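Good morning, and thank you for coming. Please look at the structure on the screen while I speak.

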Amino acid sequence: MAKRTDLRPVVTLRSTAGTGFSYVTTKNRRTQPDRMVLRKFDPIAREHVDFRETR
């Protein structure tokens, strides 16, 4: 069983296309203290768009 700590919190990445689609991932707080922005595929918009971290 994997151990979850406060160093790698679970974050939600929400699409900026306005479709409401989201991904769930973890991030390292030491190397990325700011909000993450990743370019990923949105299947509802059917294109690659920016996904921003929501809290």
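By contact I mean heavy atoms within 4.5 Å. This is a predicted model, in which local features need pLDDT of at least 70, side-chain atom pairs count only at pLDDT 80 or more, and totals for chains, interfaces and linings use all residues. Residues are numbered from 1 along each chain as its sequence is written, and side-chain values use heavy atoms, with hydrogens and water left out.

I begin with Lys27. Apart from neighbours within four places in sequence, Lys27 is in contact with residues including Leu7, Pro9, Asp34 and Glu53. Is Lys27 buried or exposed? Its relative accessibility is 4%, so Lys27 counts as buried; buried means under 20% relative accessible area, exposed over 50%, and partly exposed in between, with a 1.4 Å probe and protein chains only.

I turn now to the aromatic rings. Rings of Phe, Tyr and Trp (its six-membered ring) pair if their centres lie within 6.5 Å; planes under 30 degrees apart count as stacked, over 60 as edge-to-face and the rest as tilted. The structure holds three aromatic pairs. In one of them, Phe21 and Phe51 have ring centres 6.4 Å apart and planes at 80°, so this pair is edge-to-face. Phe21 is partly exposed, at 23% relative accessible area, whereas Phe51 is buried, at 0%. Tyr23 and Phe51 also form an edge-to-face pair, with 5.1 Å between centres and 65° between planes. Tyr23 is partly exposed, at 27%. Together, Phe21, Tyr23 and Phe51 form one aromatic cluster.
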